[in-house]
Amino acid sequence: MKTISYQKGDLSNDKLIALYKAMLLPRMIEEKMLILLRQGKISKWFSGIGQEAISVGITSALNNDEYILPMHRNLGVFTTREIPLYRLFSQWQGKANGFSKGRDRSFHFGTQEYNLVGMISHLGPQFGIADGIALADKLQKNKKITAVFSGDGGTSEGDFHEAMNVASVWNLPVLFCIENNGYGLSTPVSEQFNVENLADRAAGYGMESHIIAGNNILEVYNKVNELAASVRENPRPIFLEFKTFRMRGHEEASGTKYVPKELMDEWAAKDPLENYAQFLKEAGILNEVDEVNYKKEILHKINENWQQAIQEPNITVDLETELNDVYKDFDFQEEKPNDETEKIRLVDAISNGLKQSMERYDNLVIMGQDIAEYGGVFKITDGFVAAFGKERVRNTPICESAIVSAAYGLSVNGMKAVMEMQFSDFASTGFNPIVNLLAKSHYRWEENADVVVRMPCGAGVAAGPFHSQTNEAWYTKTPGLKVVFPAFPYDAKGLLATAIADPNPVLFFEHKALYRSIYQEVPTDYYTLPLGKAALLKEGNDVTIITYGAGVHWALETLNKNPDISADLIDLRTLMPLDKNAIFESIKKTNKVIILQEDTMFGGIASDIAAMISDELFEHLDAPVKRVASLDTPIPFDPKLEEQFLAKNRFENSLKELVLY
């Protein structure tokens, strides 16, 4: 006896049957996978049994060219988008016909071919990505919507609330689809939030919300179809809470012993597929013969595609392929500078470079706190609103994580993004999407992240522990990111232009103490400089000095005070990629090396460079590799304490000792 009431409305019988078959397919795939799991033929499974109506209903209501961001329990999204089953099976088996070349498993993948963006295990960034995709759609006025999925558990993450707020403030065409299935792994909803309905939260963001019976395929489809049509014409975010239940464990190994039996029985009676089949039979739309034939047809399709997947050979391990897939290929185009120059500060060079890139790329969007009319706290974007408009120069709420994710979403949907961290220290609250989303995207599913994160950084301005770090080593450790750290206006402008042109994620460090203290003649027009190419500022024979950022100016000051020291001075300019050739060629000549960084000593990039030199150039060294860095303490506020903290005042003695070694 069915426990769900269905309203056919004006849907044709063909559509009603299509929805039934669309739910039947993921259910039968799951039943096959659970058997294979017990046989040890697949490694893990996240079951969506009992929740098929949500995935199928939402996906059926959206157009195929509209993005969906599913989670690991949304098999029906993938099957309704008609991804070939053998490719899904290959993905789950880690084979080449999957979508991640064996580098990730199950549903941790995306595909532009089917307008799907796969999840990362941290859940929350999905919401911000959806914001960015929807922002691109809104800016391009193409009347599309984006649907993003989460379970009840994911709504407790800060990223969720940040993304909800951004979507509301910017009126983004996003459907936040929350499957309230009773448990976050084993934690019941009563221990996750203290509101009757998750949809109640939407009011706090000024957002429209709806509660939908998630096991009722017709209610899901009809309501989402109605709302989707409305949002395409009147862009806005909508919060959709789907009441449903998770009938199996978070993943199969978890089991469901923590769930009361009466609750399981109650929801088992609300099975979306069995109830819907009964409704169709009672309405004379589905008969026993057709039902059997549909199942035979689907079972044959599943088995045929499974055989194709298991007969596919395992991934061929190739070192070069693995290393080359960390970044998207970038064909650097040298744009030579013009002859006309002007003497400007570092801050002006960055502003000019950014402005000229905005003129060059009409799909480039800048985002950050106070960057619009105010021009940013360092006035780098002053006047940009008048030049480019508020759609492309966007003030953001204080929510670094959601904006990093939104920048990635813009990239997914064919745009470029520059995000300004007000201070590089504040990137800690956007750290997850930088290192787990931007950095890994191309390696995981060949989707680049065309994002530059600007990072005002550095001490020497008495700003104290929260506004003074040089935290570049957080990111040089992370494969997939590029890290740029110029010391001069000329380099800053050219390297920023290249960073924006590069389709890979770039962390662009800008030293605050250099902003208004360093002047240089800089070409007035647009030009580029290659990443991964160091600058040899001085040549000598006694010692090699390797540094970057403010350290370059400290080293120059020291050499000017000590003209008897003959040194090669290397300004790295970019830390990742690192110019190993410049380092090695110099050391082979001088046989001594000192590495200067403003960052604290332990774990800084100087440590890795020193280790690399010791590993590969030991026979060329006439002295131990010397590192000079700031104290291993937080950065103090008082000027005298800050002076003591910085590496600058220890560099001269260390250099002299090394030369005399």
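Reader: Hi! Which residue does Lys561 meet in a salt bridge?

Author: Hello! In this predicted model, Lys561 and Glu652 come together through their side chains in a salt bridge, at 2.9 Å from N to O.

Reader: Nice. Where do those two sit in the chain?

Author: Lys561 belongs to helix H20 (residues 550-561) and Glu652 to helix H24 (residues 648-659). The pair links distant parts of the chain, 91 residues apart.

Reader: And Lys561, buried or exposed?

Author: Lys561 counts as exposed, because its relative accessibility is 53% and the cut-off for exposed is over 50%.

Reader: OK, switching topic. What does Asp568 pair with?

Author: Asp568 has a salt bridge to Lys589, with 2.9 Å between the closest N and O atoms. Asp568 is in strand S18 (residues 567-571) and Lys589 in helix H21 (residues 580-590), so this contact ties together parts 21 residues apart in sequence.

Reader: How accessible are Asp568 and Lys589?

Author: Asp568 is buried at 2% relative accessibility, while Lys589 is partly exposed, with a relative accessible area of 36%.

Reader: Thanks! What about Asp450, which residue is its salt-bridge partner?

Author: That's Lys416, and the closest N and O atoms are 2.9 Å apart. Asp450 lies in the loop between helix H16 (441-445) and strand S12 (451-457), whereas Lys416 is in strand S11 (residues 416-420), 34 residues apart.

Reader: Is Asp450 buried or exposed, and what about Lys416?

Author: Asp450 is buried, at 11% relative accessible area. Lys416 counts as buried too, with 8% relative accessibility.

Reader: Last one: how many salt bridges are there in the whole structure?

Author: The search finds 32 salt bridges.

Technical notes: Residues numbered from 1 in each chain as written. Predicted model: local features only at pLDDT ≥ 70, side-chain atom pairs only at ≥ 80, totals over all residues. Heavy atoms only, no water. Salt bridge = Lys/Arg side-chain N within 4 Å of Asp/Glu carboxyl O. Helix = DSSP H or I, 4+ residues; strand = E, 2+ residues; numbered from the N terminus. Buried < 20%, exposed > 50% of the residue type's maximum accessible area, 1.4 Å probe, protein only.
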